[in-house]
Amino acid sequence: MSSASKPVKIAPSVLASDFGKLADEIKAVSLAGADWIHLDAMDGRFVPNLTFGPPVIKAVREITDVYFDAHLMIEDPDVILEDFASAGVQGITVHVEVCTHLNRTLSRIRELGCRAGVAVNPATGVDSLAHCLHLIDLILVMTVNPGFGGQDFIPEMLPKIEQVATMIGNRDIQLQVDGGITAKTAPLVRQAGANNLVAGSAIFGAKESYLEAIAALRQA
């Protein structure tokens, strides 16, 4: 099954939520139909922002049984993989830009019982992923430069999404996109081959309810 024919998953990014009531926000989008919860862990070094780590994730894990998708935007992910797995995430995505030994890192994520993902920034090519597709469960194409929510979608990423979709072929790999995903851009990335849409402001900043915002993205 190609990525374009796989059912769409909607993954609200809590980066855009109210951190003062994070547990309530996660519970609300879970009840509103979120397929995954996207957790952006930033270290202030790989990206110019700080968010949260395993202790916070562990504290909110009991709120819902929805899939926890951890996106590690940190310079040295290998030293903290076990902590994220222990916190209760089901998937861990690392950036190809910081993984000197990508095969080893992906193998370790799988050894910890998590699905292994690889993220690529807008300026990063994807050819380096071809040799380790057998270890990859998810490829995340960043459609903004990571670090902050609320940025505008970079349309030049659409050919990259198509390239990744071709690379994936019929493999059981999620093709995720993150950055500027709205009801207007969702059809574009879906047509390009994405089947897993991360959305922050479009859900948590929507004027309508979370239920309506998630439904609008899914319908789009």
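A residue is called buried here when its relative accessible area is under 20%. By that cut-off, seven of the seven residues of strand 2 are buried, so strand 2 is largely enclosed by the rest of the structure. Please keep in mind that this is a predicted model.

- Eight strands make up an open sheet, with parallel pairing and the order 1-8-7-6-5-4-3-2.
- Strand 1 (9–12) and strand 2 (36–42) are the edge strands; each has a single partner strand, so one side of each lacks a neighbour in the sheet.
- On average, neighbouring strands of this sheet are turned by 25° against each other, direction ignored.
- Helix 5 (residues 158–168) packs on the sheet, where it touches strand 5 (115–120), strand 6 (138–142) and strand 7 (174–178).
- The direction of helix 5 makes about 165° with that of strand 7.

**Strand 2, an edge strand with covered faces**

- Although strand 2 stands at an edge of the sheet, both of its faces are covered.
- Strand 2 runs parallel to strand 3 (residues 67–73), and seven bridges join the two.
- Within this pairing, Trp36 stands opposite Tyr67 of strand 3, while Leu39 stands opposite Ala70 of strand 3.

**The cavity**

- Searching the whole structure turns up one cavity of 30 Å³ or more, and the volume of the largest cavity is about 40 Å³.
- Trp36 and Tyr67, which stand opposite each other, both belong to the lining of this cavity.
- The rest of the lining consists of Asp69, Gly91, Ile92, Thr93, Arg115, Ala116, Gly117, Asp137 and Leu138.
- Strand 3, strand 4 (91–95) and strand 5 are the elements that each give two or more residues to the lining.

**Thr143, a buried loop residue**

- Thr143 sits in the loop between strand 6 and helix 5.
- Its relative accessibility is 0%, so Thr143 counts as buried.
- Leaving aside residues up to four places away in sequence, Thr143 touches Asp152, Phe153, Ile154, Met157, Ile161, Val177, Asp178, Gly179 and Ile181.
- Among these contacts, Ile161 falls within helix 5 (residues 158–168), and Val177 falls within strand 7 (174–178).

How values were computed. Residues are numbered from 1 along each chain as its sequence is written. This is a predicted model: local features need pLDDT of at least 70, side-chain atom pairs count only at pLDDT 80 or more; totals for chains, interfaces and linings use all residues. Side-chain values use heavy atoms; hydrogens and water are left out. Two strands pair if DSSP finds at least two bridges between them. Helices (H or I, at least four residues) and strands (E, at least two) are DSSP runs, numbered from the N terminus. Axes are lines fitted to C-alpha atoms, for helices over the stretch in contact, and angles run from 0 to 180 degrees between N-to-C directions. Contact means heavy atoms within 4.5 Å. On a 1 Å grid over the protein atoms alone, a cavity is a set of points where a 1.4 Å probe fits but cannot get out, and a pocket is an open set with protein on both sides within 12 Å along at least five of seven lines; lining residues have an atom within 4 Å of a point. Grid points are joined across faces, edges and corners, and a volume is the space filled by probe spheres set on the points. Buried means under 20% relative accessible area, exposed over 50%, partly exposed in between (1.4 Å probe, protein chains only).
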